[in-house]
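Good morning, and thank you for joining this group meeting.

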Amino acid sequence: MNLSILLSLVKIIVVIAYLYGLFWVMGVKVRPVVIGGKKVDFSLAINVLGVVVAFFIIQLGLTNIGGFQLLNNFDSGLLFQACTMTMVALGLNLIYGYNGQFSLGQWGFYGIGAYAAADITYRWTNGDASGLVVLGTGVILAGIAIWLVGKFTSNLRRMPVLSSFTLYLLGSLIAAFIAIQLGKLLSPAINPLLGTNLAPGPLAQGVWLQVVFFLSVIFAGIFAAEISFLFGLPVLSLGSDYFGIATLGFTIVVYTLMVNSDTILPFPEMRGGRGMIGIPKLTTWFWAFFFMIAVIVAMRDLLHSSHGRSILSVREDEVAARSMGIDVAGTKLMAFVIGSLFAGLGGGVYAHYIGFLSPGAFDFLIGFNPMIIIVFGGLGSMTGTITASFGWIFFLEGMLREVLGKISPEAPSWRYVLYPLTLLLLMLIRPQGLLGNTEWGFLKLPTVPFKNTADEGENA
Amino acid sequence: MQLQTRPKKPPIIVRPNSFLAWIGRAFLILLALVVTYILAQNLIQKPLYFVTNVINGLQLGFVYALIALGYTMVYGIVKLINFAHGDVFMVGAFVSFFAIERFQLHQWPLKVFPSMNPFVAVAIGTITTILLSMVVCVLLAITIERVAYKPLRDAPRIAALITAIGVSFFLEYFGLLEFVFSARFIPYQRPFEVVTWYISDGIHRLENGQTPPDNSIVISNILLIIILCTLAVLVFLQFLVHKTKIGIAMRATSFDKPTARLMGIQVDQVISFTFAIGAAFAGLGGVLYAIAYPSIKTLMGVYPGLKAFVAAVLGGIGSIPGAFVGALIMGQAESMTASYISTPMRDAIAFTILILVLLVRPTGIFGEPEKEKA
């Protein structure tokens, strides 16, 4: 028993050290080297190489080499879970930690992303292209419609929120209607190429399937983002606590719809409360890692752009931000939409790793987890969020489950008693979270690149 | 460098009565029309069924009101969504369950005084059970307040909110453990017999095993007890808040805490008292809810707690009549949704109504308009 505790602890430490190493290598800057009279900056190449090496380190651990596999299925499951949780928690940190909007709706968007992505690939592997066609064209058309309405309303002042919401809603509904008609028109043309579940056609295997998987995750993310746009537009104008309760309500509504997806919603393949089975398990370590790194890079770059500055300023003081000419409502909406986009992407990755979606996994009680993670890690700290996500999954799901399971079969349920207590202690002792708002390596503010002193002389 | 920028089009100001401003209102009016149509159609087609639904909604709404009062008072004073309130409600139900099941507390008057009038004995026994639940809930709430919330009074609000979530989770997951309350549904034994009446042509008592005739409205004594208790609590609270010293202290604290402290009000005690009062009503609500829907489980407090908070927000948070009215609306909405739209959507309807009402009146129905931010 002691050995397994030690092993779990070592795993946690190794994983966190791995993350820190990854962010260090992603943020490495080197002096430009002069080759043949030209200055070449190798920083980017080193960063990319570092990411690739980091990918292969875990990939090697997951590969079965001569009957030996360093990371077993349980560990790889934890890794995938941690990656999706990182995406969800980063999105929430953008909404809450950086923009100060107390949102409990992240889990709902996560669920929307998961179900949307799963539906696309499930239909695709069962010889029905309508999922991809409808959702793909739908999100694109809805995006265009939202953009057009936004263009139209951008020059209007004192437009009531409800009016613009109605216009956006109308636009999206028209887009959805067109997409459904397109799906009816186009999918019969593609369906013969898909084959059936047992005998997949040319488009339902190999590279094409991977492409469809990639598209499904992307479309699911955008779908979640568009829903969050429509939902956030009216709701963000409420006060902070009311916003929290309304978003909590959103999660509950999504959960209710999931439970009744085969009765209220017309999706018999989701099987309602019994759970959706038969989702192709397409998430590999490559995809999980790819999407996680993409989310991290996108969020880091966003935060260090001028939009990110306005997001931060809205958190600090809305009135001051408005007086500096920042569109407060628009900034809130942007943060909310991007955060939900990340949650949707995470949901898509999760669905294809787990292969089985049950509404119970998207219950709002579990939906507090990302909130607790970002509070643990430190609001407004990406490093803290990522560390806390990995630590949370590996500690709570990995170590405590294993260790408590050895004591008695019922003991693992004690871990849910322990973590609220830890949370209480943390709040009493260190309310700003474990890491406060410190960042590490790549996630730090970008510094001015190295300058050659001789170079400066020439310019002057 | 581009010095000249293209002249921007001057912004168009949307007047309150212009077409664009009316689009949003038209959306709301359309929604209201659809709801009215559904209700009116059902009222005309099956008026008795409609009245039955109203009665069911009343029963639910009055229980929600008891929980919402605690929410609205606590939020009014410390600006904290007390997520643990729903779990205090659950504890109240479970305390009465154990008191009845294990110790037969509801029968003590008959055991001590065998010659007592059975009706009085049952009444005293039930009241004792309820009082026990209320006392336990008060103790629990004061403990929570002292241990978890008080040290964080000057911390940022998020810390207190996260702590509230933590306390709520602790109560829930601790209760879910096998040796505490377990995760099962537990049948609840009522402390008194249910008496039902049906109204068709006059009021008749429904005998045991008899099914009510068609075209009749069924009313049970549980409904009457719930309504009586809630109204009594409301009157008591109005008296407490507006006529007594502690009530004045509560209002002063909710208005301006530092100044209240300067005026010699012991703010910490007032806040503890508020938590205690809220918890007492939650305990009462828990027992009544368990009596009305006699199947309890550990997570039973989650949804009623949330809906009661929604009710409090709907009525205007901090306002006692507001919480009551909001809870009645919640009860009706839930009952009507379950009957006429779809049963599972009844958990979702509360939040839809909340969003719509807050869009029109951002401070709730009875809420005072928000002060301008300095």
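This is a predicted model: local features need pLDDT of at least 70, side-chain atom pairs count only at pLDDT 80 or more; totals for chains, interfaces and linings use all residues.

Let me begin with the place where chain B meets chain A. Here, 39 residues of chain A are in contact with 45 residues of chain B. On the chain B side, at least two residues each come from β1 (12-13), α1 (19-45), α6 (157-176), α11 (302-315) and α13 (346-360). Which of these elements gives the most to that side? It is α6(B), with 11 residues. By class, the side of chain B that touches chain A consists of 37 nonpolar, 4 polar and 4 charged residues.

Strands also link the chains. Strand β3 of chain A, residues 156-157, runs parallel to β1(B), and 2 bridges join them.

I turn now to a helix pair within chain A. Helix α3, residues 73-98, packs against helix α13, residues 368-377, at an angle of about 70 degrees, and their axes are 9 Å apart. Angles of 65 to 115 degrees count as roughly perpendicular, and α3(A) and α13(A) are therefore described in that way. From α3(A), the contact draws on A:M85, A:V88, A:A89, A:L92, A:N93, A:Y96 and A:G97, while α13(A) contributes A:P370, A:M371, A:I373 and A:I374. This contact has 9 nonpolar and 2 polar residues, with no charged residues.

Next, consider α13 of chain B. This helix has 15 residues and spans 22 Å from its first C-alpha to its last, close to the expected 21 Å. Its buried residues are B:R346, B:D347, B:A348, B:I349, B:A350, B:F351, B:I353, B:L354 and B:L358. What covers these buried residues? The cover includes α8 (240-259) of chain A, together with α11 and α12 (320-341) of chain B.

Finally, two loop residues deserve mention. A:R271, although not a glycine, has a positive phi of about 55 degrees, and it sits in the loop between α8 and α9 (285-303) of chain A. A:R271 counts as partly exposed because it has 16 C-beta neighbours inside 10 Å. In chain B, B:K79 is not a glycine either, yet has a positive phi of about 55 degrees. B:K79 lies in the loop between α2 (47-78) and α3 (85-101). With 15 C-beta neighbours inside 10 Å, B:K79 is therefore classed as partly exposed.

Methods:
Residues are numbered from 1 along each chain as its sequence is written. Chains are lettered from A and ligands numbered from 1 in the order in which they are written. Two residues are in contact if their C-beta atoms, placed from the backbone, lie within 7 Å. Helices (H or I, at least four residues) and strands (E, at least two) are DSSP runs, numbered from the N terminus. Ala, Val, Leu, Ile, Met, Phe, Trp, Tyr, Cys and Pro count as nonpolar, Asp, Glu, Lys and Arg as charged, and the others, Gly among them, as polar. Two strands pair if DSSP finds at least two bridges between them. Axes are lines fitted to C-alpha atoms, for helices over the stretch in contact, and angles run from 0 to 180 degrees between N-to-C directions. Angles under 35 degrees count as roughly parallel, over 145 as roughly antiparallel, 65 to 115 as roughly perpendicular and the rest as oblique. The expected span of a helix is 1.5 Å times one less than its number of residues. A residue is buried if 20 or more other C-beta atoms lie within 10 Å of its own, exposed if 12 or fewer, and partly exposed in between; C-beta atoms are placed from the backbone.
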